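Visitor: I am new to this structure. Please pick one part, the packing of helices, and look at it closely. Then show me how that part sits among the rest.

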Amino acid sequence: MVDQAQIKKRSSSVAKLLICVGLGAVFVPPTVIILGVGMVPTFVARFANPNRVRGTVAAMAAFNLAGIVPVLGILYDRGHTIEQAFRLLSDVYMWLMMYGGAGMAAFLLWGVPLVVQGGYEMQARQYIKRLEKRRSRMIEEWGGQIVADAKILPANPDAPAAKGTPDK
Amino acid sequence: MSGADEQGTLRGRYKVLLQQPLPQYDSGENKAYKVEDLRDSNNILYALVVGDGVPFRDDIVEPLTSRNTPSLTSLHSHGVVHFGNTDYRYVFVHDMPVGGRVFEEGQGGLSEQQVLNVIVPKLVDVIINFASRELTHRNIRADNVFYMDNEKAGIALGECVSCPPGSLQPAVYEPLESANALADGRGPGTVMSDIYALGVMIVHMLGGVLPGEGRTATELYALKLAHGSYAVLVPKIPASSRVGFLLAGLLNDDPSRRWNTEVLIRWRDGVYERPRPGFGDRQAPGPIIFEGEEYLSPRLLSLAMTKKPAQAYILLEGGKVESWVRNSLNDKDASARIADTISGRMRISGGARRRELQCVSRVSAILDNTGAFWYREVTFSRGGLGGLIAHAFRSDGPVKTAIAEMLESGVLLDAIYVDLDRSEAGRRKDNSWVTLGRITDCYEFMEKRDLLGFGLERCLYELNPSISCMSSTLQGAYAKDVEKLMDILEERAFKLDGKINPLDRHTAAFIATRTKTLTKNFQKLSSLAPDSVAYTIMLIEMMGRLQNAKSPSPKPGLCMWVQVVLKPVIKKIHSSIRREFVLKKLENAMESGNIDRILKEIDLENNLRRDSSEYEQAIKEFIDINTGIQSLENGGKARAYAAKKYGQWIASVISIAALLSSFGFSYLHFVGF
């Protein structure tokens with residue numbers, strides 16, 4: 001049921017996009033040409049997303065669009081014609097601007113999780129160290145017997161969950 | 001007088017010279033020593049040092065010291081003497097009879113004139129004096145009569161207080177009531193026992209040899225039952241009719257027909273009577289056959305049955321004894337009681353052998369209700385159980401086992417009930433082998449025999465008010481009361497750095513007997529497991545209460561014992577911080593020398609309780625920590641996934657920000673204001 005709803009929702013958004021593209025092609029064809037060419041990385045990311053992680057396509061689209069917006073500004077500035085659109089597309093800097101945004105997005109989507117994971121690992125190591133210190137202090141105070149008794153006694157069902165697994 | 005001078009001195013006056021023993025005056029296990037009177041050097045005295053575990057006759061000591069008894073070696077003083085360290089001994093100081101014994105064995109008999117005109121009147125005076133105070137001497141025999149001076153003018157009877165009554169008497173001196181009992185179980189008897197002993201002494205002195213010499217106590221008893229004491233003892237001596245009449249009166253085996261003090265007074269005053277001699281036990285018209293022998297006397301039958309209990313049980317089961325008692329002896333009451341016993345209406349415990357023994361014992365007590373009570377190796381007369389238990393503890397042989405079995409099985413209790421039912425003229429007297437209250441208590445103590453403060457040891461101290469605590473911890477030191485016991489234990493504990501056991505079975509039973517206020521504590525103690533902490537704390541608490549109540553002076557030695565006992569308990573505290581804290585408090589409280597204060601200071605029960613609950617919490621926390629560490633160590637994948645999600649979320653946010661910035665900058669650049 002869930003899958004069917006998702007498919008229905010997805011097909012509805014694709015339909016909306018196609019209507020927008022159709023209307024755009026009729027009323028603002030130069031803009032649609034620039035967008036269609038500039039947004040290729042986003043389309044690729046949309047259909048070739050290996051992890052299917054939510055937000056990655058949006059991030060890619062946003063960054064990609066951020067690179068296209070100045071190109072569109074130049075287009076409207078120099079004249080909103082199909083000819084001018086093709087002229088701009090023949091400029092390598094325009095391509096660099098549009099696809100650079102997409103590249104930046106790809107880099108962020110790859111690099112930021114790595115940095116966050118590094119932070120998490122460091123935090124976990126510090127936490128383990130703190131717990132081990134506390135455990136040593138407890139053995140010192142209560143004696144080695146506590147190690148054996150802790151093995152005999154069942155684990156406390158009411159114990160708070162360990163903080164080692166950040167839930168974000 | 002300094003403490004050093006007081007060592008070995010009784011009441012600051014009588015110095016006991018242990019280096020000068022007087023073996024000729026030894027009294028059983030009690031050794032005699034010369035005494036120096038520090039106030040009157042003209043007094044020639046000797047001391048009897050009471051042996052370890054010998055129950056002296058506390059009941060007659062005070063009457064004898066409060067009033068002088070003519071013709072009796074004077075008891076000058078008595079009490080505990082400190083001979084150094086923990087060597088405390090109970091001592092009796094008597095006049096020394098310097099003239100020696102009136103009669104020496106093997107030197108021929110004395111003349112009738114000397115015996116009847118000189119010795120007997122003196123002894124009659126003693127007997128009358130004792131009888132007037134309801135006391136018994138129980139030590140009247142030929143070798144216990146002395147000349148008090150070298151001129152051999154004064155004659156006196158020897159001491160009678162340092163040993164259980166009658167325990168030093170040769171068996172022949174005992175009347176039928178106690179002749180069959182073991183020496184230490186003969187009991188105090190009555191004045192009739194003294195009168196009988198006087199008769200035997202006369203025979204002994206005149207004949208020059210111990211009457212019945214060469215015969216065992218059982219043989220003598222059987223002969224006396226069969227023929228009467230007079231017939232057994234008197235024909236063997238050269239006796240005039242005057243002696244004959246005297247002996248016929250004194251040696252009658254029936255106490256009600258034996259001469260009493262009034263007749264003795266008349267005899268002393270020269271009025272001679274002509275009594276008929278006794279003829280032993282009552283005889284049935286028809287015999288009963290047991291093991292091929294014919295018996296006419298129930299007491300002889302009883303004696304024979306106790307020698308062969310297995311065969312006797314067969315005879316009893318056959319109902320022959322019951323019918324013989326009913327038909328031949330015409331004693332329907334006794335017959336009914338025997339029938340009750342055989343039919344098993346009374347409690348009989350144990351296996352087949354025990355059943356036999358208990359049944360024979362009960363029937364024997366019915367057939368011979370005035371004689372000694374028999375059970376296995378044990379025989380004792382009325383009032384003699386206390387002395388016998390004390391002897392059993394000293395010798396630690398089969399008698400002790402038999403006594404324990406007798407008391408725990410209830411055979412004696414039942415026999416006493418049956419004996420007391422035999423009421424005389426509707427009056428019930430509590431004058432059986434042991435008083436009903438005491439034997440009921442002993443039965444209860446034996447039911448809890450495995451517990452501290454109960455068992456045979458408790459019976460020993462309940463039945464012997466004068467006996468010292470026989471704990472091996474005291475090493476023979478005399479402790480008559482709990483106060484003295486505490487002092488000796490303190491000295492022993494101090495000497496051994498507290499490594500003693502002040503509450504062993506003997507000390508516990510002794511304390512429980514002498515200190516009734518601790519009864520509840522002993523009962524509570526019995527409900528606790530001996531290896532539990534509560535048990536240890538209760539033991540210490542009891543010692544603390546005893547210290548406060550009986551001997552409140554500081555007891556550093558016993559405090560050391562408390563430390564020795566408490567350290568393993570304190571080590572059970574899990575928390576090292578709390579443990580150190582309690583140990584520190586214990587060290588500080590030790591200085592007070594007060595056991596109760598130590599317990600209050602360290603508040604061990606509370607500390608243990610709190611430690612236990614905290615330890616439980618600590619275990620839970622420890623488990624949580626372990627779980628936490630484990631989760632963190634195994635949580636790499638989860639962290640990577642979370643980091644990816646979070647990282648991409650951050651990237652999305654940056655992307656949106658970049659888009660908005662791009663819109664903003666483009667608008668400003670191309671549209672402007």
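Guide: Now take chain B. Helix H3 (residues 112-132) of chain B packs on helix H7 (residues 241-250) of chain B at about 50 degrees, and their axes are 11 Å apart. H3(B) and H7(B) are therefore oblique to each other. This is a predicted model, where local features need pLDDT of at least 70, side-chain atom pairs need 80 or more, and totals for chains, interfaces and linings use all residues. Residues are numbered from 1 along each chain as written, chains are lettered from A and ligands numbered from 1 in written order, and side-chain values use heavy atoms, without hydrogens or water.

H3(B) passes H7(B) in a left-handed crossing (the near helix is turned anticlockwise from the far one by less than a right angle; clockwise is right-handed). H3(B) brings Glu112(B), Leu116(B) and Asn117(B) to the contact, and H7(B) brings Arg242(B), Val243(B) and Leu246(B) (contact means heavy atoms within 4.5 Å). By class, the contact of H3(B) with H7(B) holds 3 nonpolar, 1 polar and 2 charged residues.

Turn to a second pair. Helix H9 (residues 298-307) of chain B and helix H13 (residues 352-367) of chain B meet at about 160 degrees, with axes 8 Å apart. H9(B) and H13(B) are therefore roughly antiparallel. H9(B) also passes H13(B) in a left-handed crossing. From H9(B) come Pro298(B), Arg299(B), Leu301(B), Ser302(B), Met305(B) and Thr306(B); they meet Val360(B), Val363(B), Ser364(B) and Leu367(B) in H13(B). That contact divides into 6 nonpolar, 3 polar and 1 charged.

Next, charged pairs. The whole structure has 34 salt bridges over all chains (a side-chain nitrogen of Lys or Arg within 4 Å of a carboxyl oxygen of Asp or Glu). In one, Asp37(B) pairs with Arg13(B), and the closest N and O atoms are 2.8 Å apart. Asp37(B) is in strand S3 (residues 31-37) of chain B and Arg13(B) in the loop between strands S1 (9-10) and S2 (14-21), so the pair ties together parts 24 residues apart in sequence.

Last, the partner chain. Chain A gives 52 residues to the contact and chain B gives 44. Together they bury about 4200 Å², 73% of it on carbon and sulfur atoms. Between chain A and chain B there are 2 salt bridges. Glu121(A) and Arg639(B) form a salt bridge at 3.1 Å, N to O.

Note on methods. Axes fitted to C-alpha atoms, helices over the stretch in contact; angles between N-to-C directions. Helix = DSSP H or I, 4+ residues; strand = E, 2+ residues; numbered from the N terminus. Parallel < 35°, antiparallel > 145°, perpendicular 65-115°, else oblique. Nonpolar A, V, L, I, M, F, W, Y, C, P; charged D, E, K, R; others polar. Buried area = accessible area lost by both parts, 1.4 Å probe.
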